[in-house]
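Student: Could you take me slowly through one place where two elements of this structure meet, and then say how it sits beside the wider contact of the chains?

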Amino acid sequence: MLTLAHPWLLALLPLPLLIWWLLPAHREPRRELVVPFLPRLAQIVGQRPTRGAAAARDSLWRWLVLIACWLCALLALARPQVIEPPISRDVPARDLLLAVDLSGSMETKDFQDAQGQSVDRLTAVKSVLADFLAKRQGDRVGLIFFGDAAFVQVPFTEDLHVCRQLLDEAQVRMAGVQTAFGDAIGLAISVFERSTVKERVLIALTDGNDTASQVPPDKAAQIAKDKGIVVHTVAVGDPRAAGEDALDETTLKRVASTTGGLYSHAGDRAQLAAIYAQLDALETRVVQTISHRPRRDVYWWPLAVGLAISMSYFAIGLLARAGARRPTAQPSSAALAAGTPLGLAALPASFHFIRPEWLLALLPAALLWWALRRRADTERPWRGIIAPHLLPHLLGGEAGKTRFGPVEWIGIVWLLAIVAIAGPTWRREPSPFAGDTAALAIVVKVSPSMQTEDVQPSRLQRAAQKIHDLLKARGDAKTSLIAYSGSAHLVMPATKDGGIIDSFAQALDPKIMPVDGDDAAAALTLADQSLKDAGGGSIVWITDGVAPEQAQPLAAWRQTSDTSVRVWPPLLPGDELDSLEANARPAHARLVALAADDSDVRTIAAAAKFAYTAGNASDTQWAESGYWVAPLIAAFVLPFFRRGWTTGIG
Amino acid sequence: MNDDPNVHARLEDLVAMQHRARGFSFLPRQPIHSLLAGRRASRLRGRGLNFEEIRRYQAGDDIRQIDWKVTARTRKTHSRVFTEERERTTLLLVDQRITMFFGSVARMKSVTAAQAAALAAWRVLQQQDRVGALVFNDSDIVELRPHRSRAAVLRILHAVVEQNRALAVDRGLRSNPEMFNEALRRCDRIAKHDCLVCIVSDATGHDDESRRLLTRIAQHNDVLFAFVFDPLEADLPTAGSLVFGDGEEQLEIDTSSGSLRESFRADFAATRAAGREFLLQRETPIIPLDTRDDVADQVRRRLGARR
């Protein structure tokens, strides 16, 4: 659908009349050959000589073309836009947390799966959840594992596939042998704190018997109820078992009933179906839909039409007269060079053209303009007629020759139009969906050297503070966290939940790293991986040094990846910084110096926002800035309506 | 000031023309191919006899020519030898108006006129005749009385050069066609009779009055009209759109139009033919001088040289 953004600008339509009326007629002074037989010539031709150029060139065609060009310029000024079919995006209305028990008791093989085979409890959980996740399309799902303590394995994500993968990787005793069920509910509560969704559901899969919680499950359930969190409990295991591995059904039932959830046994498929049904029914599946009808600027359509009309008019005019003229020399390359636009070097790096192929039109335009200019140069034809030593003494009418005559204006209008049509741009259009900003992978080196306290309080802590600021600046954007020393680990896959990343970043400590050393390349590879899952983005690399022997692997990594990397060392200027810069060079990393204020944070946040994302970098995301040339074009077209203005051309 | 001798005449060039002023004659006895041949041969202007020398009497000498005083003193018969008096004052009308400041090929019409005038003046001096001139531009007429001396010729050339060098398109000089008749009027007053009036001009501004004046002058004098023109005045080139002007106003002409060029050519030819016919009726020959070829060659071709 085509609409005009500023239809009121069409009211400018009669402006040319005003110009025609009010401005005094223009006389284009031109070079002339002073001849003694002018009166005789005038008598023969039947014209009166005039001051300035003769006005004999005004023709109906010329006026038609001019008016058409004005209409095109005005139409472009009114900013025609194509309203595209609405793009809608489903925003999950529910946040589901799955709390999975990984305590030692979970390896007990007392569970019958669908085939009737006996499997351990964790496998049962996995199969139950696989079922479950398959039906949860449209919800955000998070994953909490708990054993001795609870931790977030997967922050809320819509990517159920990743969730599933991470669930599959879960091992019994990953988090210790005990069962901190209460703490898991507590963690879930704090995770939900950061969620904006109203419907909050926690599904706890456990074999019961809280053994290690700081908060008892009943208390936690009470708090959860206050926070409006519904806890469904799924018991995994044999209800008849006794002792350490006994199933504490009463607690589970109580927790469920306190928060208004359901209790079920994992083996009890009917009951599980009831839970699913309740999830679907109770919290009506309100999938919030953000709808957006993008408006695409098509100001360049009328501009292109106007350009085509004017250029073909002059081209036809020139060709028609070409027969009467001697063949001319080829245009000098200097003339062409003068026609090419602007030194682009000074513009921001993101400056480019959306439709660069239109810039090719500069070539014919420059040629045409050059030909027009030659025609307008009334001295030139005399050169072949009058002997060169006499000609300078016979030329007159030069006085008052303006530097910017109509021909130059035509050149300017064409240049502007072509540049506008090509669609210059240097910024991205703010996406209607905030989540569309590119992901960022934060790679942190966690080595003993990072504990040096030359930067207060320590390099690692300063980095954590900066990460905190950065996450705040990035808002809802996806961020992942990778820690490395001798080995690289994905601490947190890309998530919009900045709080989790923050808390993990605060907890980074060299002691938790299994191998000491420097495996930067592996970390960057891992970061690349996480970014690929998140739809592309850039890497921020926080390190205080790169081992020289990493040069080869880094270069090799750079061969395979074109992700932009920014090194953000928590270092003060000095030798260390210099050697870091030198050693990080194979990765083509750009250095962002640590700043006392948050200028570095803003730099990185801004850069990360519009990082080149291979996945979703389509042209429509770039803001069409060429429209702002349209008023200029219209303004430059106007003078052509001045009487006598067009007579000097063509 | 640009010193191109083809744009503005230089005195030294005009002085040097004396060496080229040969091979043609303004005298009654004309070479067979001259324009003047067969026209004036029988009619001798000038009267009396010029003393040439005293020499020993030779048989056949007219006895009336014997100088008795010398014969008595030397006791040998001597006779005086007289030659015919050939004196014929020549008056040059040299046009140096702004309309003459034009040329498309080799030199300006004004330079052509200056050279032609110089050629004529030197030739006349070589023939021992007196030469005077009326050098005129759009505002002044400089009158130089006829004298038979090198100094007189130099004065004429000086006056010509002075007016010639004052010509330029950007000095606001306005064409004054009236000056042509004015110069003829002055000429009519000066050249009473038996003069050779040499008009070097492009005839801009000629009208019935000029015809009347020319008729009057030609009654008692010989008139020779050197018509100076430029090829571009006779024929327009085919060069698309051209802008012509006169220093103030402009006219743009599309010279690709064949009919336009044809009428331009016809107009010039008609004007020239009419002038030629008119002058011939008054026994006045025309020497067309274009701005392309050498002036002395053109004059020699018309006035004498064998082809």
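Tutor: The crossing of helices α3(A) and α22(A) is left-handed (the near helix is turned anticlockwise from the far one by less than a right angle; helices are DSSP runs of H or I with at least four residues, and strands are runs of E with at least two, numbered from the N terminus). This is a predicted model, in which local features need pLDDT of at least 70 and side-chain atom pairs pLDDT 80 or more, while totals for chains, interfaces and linings use all residues. Residues are numbered from 1 along each chain as its sequence is written, and chains are lettered from A and ligands numbered from 1 in the order in which they are written.

Helix α3 covers residues 60-77 of chain A and helix α22 residues 630-637 of chain A, and their axes come within 8 Å and cross at roughly 155 degrees (axes are lines fitted to C-alpha atoms over the stretch in contact, with angles from 0 to 180 degrees between N-to-C directions). That crossing makes α3(A) roughly antiparallel to α22(A), a term for angles over 145 degrees.

From α3(A), C69(A), W70(A), A73(A), L74(A), A76(A) and L77(A) meet A630(A), P631(A), I633(A), A634(A) and V637(A) of α22(A), contact being C-beta atoms, placed from the backbone, within 7 Å. The residues of this contact divide into eleven nonpolar, no polar and no charged (Ala, Val, Leu, Ile, Met, Phe, Trp, Tyr, Cys and Pro count as nonpolar, Asp, Glu, Lys and Arg as charged, the others, Gly among them, as polar).

Turning to the two chains, their contact takes 36 residues from chain B and 38 from chain A. On the side of chain B that touches chain A, the residues divide into 16 nonpolar, twelve polar and eight charged.

Technical notes. Angles under 35 degrees count as roughly parallel, over 145 as roughly antiparallel, 65 to 115 as roughly perpendicular and the rest as oblique.
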